[in-house]
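Please keep the structure in view while reading.

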Amino acid sequence: MTHSLHRMGTAESLRDDFVLIARPALGFNDKGAGRKIGRMLEIIFEVGPANIGFLETGDLLPRGFDPAEVISKMNDSSGIRCSFSSREKLKEVLRRFKEEDLGISVTVSGIIDDVFAICDEVGLDPHSINLSLGVHGNTGLLPEDEVLELTTMCGHALVAASLAKKGIEDVRCGRMSSKDAALMVGMPCACGLFNLDRAAAILSSLSTGDPSKGA
Amino acid sequence: MRIDEVSCTGCGQCVPYCPVGAIICDDDVATIDEEGCVECSTCLRAAPCPSGAIYRPPAAFQWPRSVRTAFSDPLVPHKETGVRGRGTEEVKTNDVTGRVKRGRVGMALEFGRPGIGTDFHDVEKMTMALARIGVNFEPNNPLTFLMEDVRTGKIRDDVKGERVLSAIIEFETEPAKLVEIVPAVRETAKQIKSVFSWCAITRLGPGKSIPIMDQLRELGLEPRINAKINVGLGRPLAAD
């Protein structure tokens, strides 16, 4: 599970943070899906995601890849996992997906009201919702909120709290720019859901003490 | 995962990359606590090791240790489900699969998230509590494959001690059962050594209404402002 519904932060911090996942339903509409996923990727690459990763091939935006080569590797069980830091870019992608009518399922994670509004603007009729009911159990083990804002952006818990803390400290001490620290902290996220733009904004706000952008 | 002592320069750059803090650097060499290591391969893939000292030994793929990789490394698909990650397609393809239909509710409890990890002793406490209520565990979820008996929720003894980044309990039920499920989950949560992230899946109603919202609030749960929404582009649409 990409955990994208559990991304932590204030409304302000989450406002420009969207996750888009597209995948065929195995055993239902996966026959021939590889070509459709390829077409969807062409659209996403044209619009420009904040991050994108491919668990199937190991390709990841911060490491650089040839889009055409990645598209050629897609098969009938491939999926798309990416993040956007622009409402307008997400809307454009959804508009073009609707236009192409490829029949591949798409989920968008974000602030509920914002995602619903985008769906209205594009003319989409949302089908189902996965609500986050929070974290339970031995919550005393959890790190600080500012760390969780960063680590919960990884779709598979691969961004360590210790790495997020290192990034925060490196920016605070002037050892690294917030952009470089975001790249360092986000590099373990293999699925591309780690929003590099949002991470840089969080790291920058933590170094300047701007509470409106942090947890 | 292992670190080759001879190649390791003891620079310590790998230490902060481990999601579960299993890498220690002492006396100019880094080592991995094998009991704590969940075999996610993050150190191998992302840590800037200057000497290439990190490796995954063949033993990592032997049962029951192989369970750690299956549940922790998203680059490795589950043998049983073919899906990468720890869950199933769940809401992602619900418009086509109809897995959670109108008038039903799906739930998932991701043990170990965010960022703490879990073993299956903890998970079993919850699966057995839920089984007593009579939920339908998702048959395609990799955790369900580890159950000795889905009617009791008991997990196989040979995997219980394996540590993983997370494991997801997924089930589907009728909303009327939430009045039993929510208190049972809350009560069992008091016995859990780790943490879990909890979610609920529902079909949307007319005007994008969320049918179970009021019920969840009455039971003391306040859903967060952000969620994962299937926007209804999948075809063919499943019957409700």
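**Strand pairing between the chains**

Two strands are said to pair if DSSP finds at least two bridges between them. The model discussed here is a predicted one. In it, strand S5 of chain A, S5(A), is joined to strand S12 of chain B, residues 195–203, by 8 bridges. The two strands run antiparallel. One bridge links Asn130(A) to its partner Ile201(B), which belongs to S12(B).

**The contact between chain A and chain B**

Chain A contributes 67 residues to the contact, and chain B contributes 65 residues. On the side of chain A that touches chain B, at least two residues come from each of the following: helices H1 (11–14), H4 (87–100), H5 (112–122), H6 (145–151) and H7 (161–172), and strands S1 (18–23), S4 (105–111) and S5 (128–137). The most is given by S5(A), with 10 residues.

**Packing of two helices in chain A**

H4(A) and H5(A) pack with their axes 10 Å apart, at an angle of about 45°. H4(A) is therefore oblique to H5(A). The crossing of these helices is right-handed.

H4(A) makes this contact through Arg87(A), Leu90(A), Lys91(A), Leu94(A), Arg95(A) and Lys98(A), while H5(A) uses Asp114(A), Ile118(A), Glu121(A) and Val122(A). The residues of the contact between H4(A) and H5(A) divide into 4 nonpolar and 6 charged, with no polar ones.

Key:
Residues numbered from 1 in each chain as written. Chains lettered and ligands numbered in written order. Predicted model: local features only at pLDDT ≥ 70, side-chain atom pairs only at ≥ 80, totals over all residues. Contact = placed C-beta atoms within 7 Å. Helix = DSSP H or I, 4+ residues; strand = E, 2+ residues; numbered from the N terminus. Axes fitted to C-alpha atoms, helices over the stretch in contact; angles between N-to-C directions. Parallel < 35°, antiparallel > 145°, perpendicular 65-115°, else oblique. Left-handed = near helix turned anticlockwise from the far one by under 90°. Nonpolar A, V, L, I, M, F, W, Y, C, P; charged D, E, K, R; others polar.
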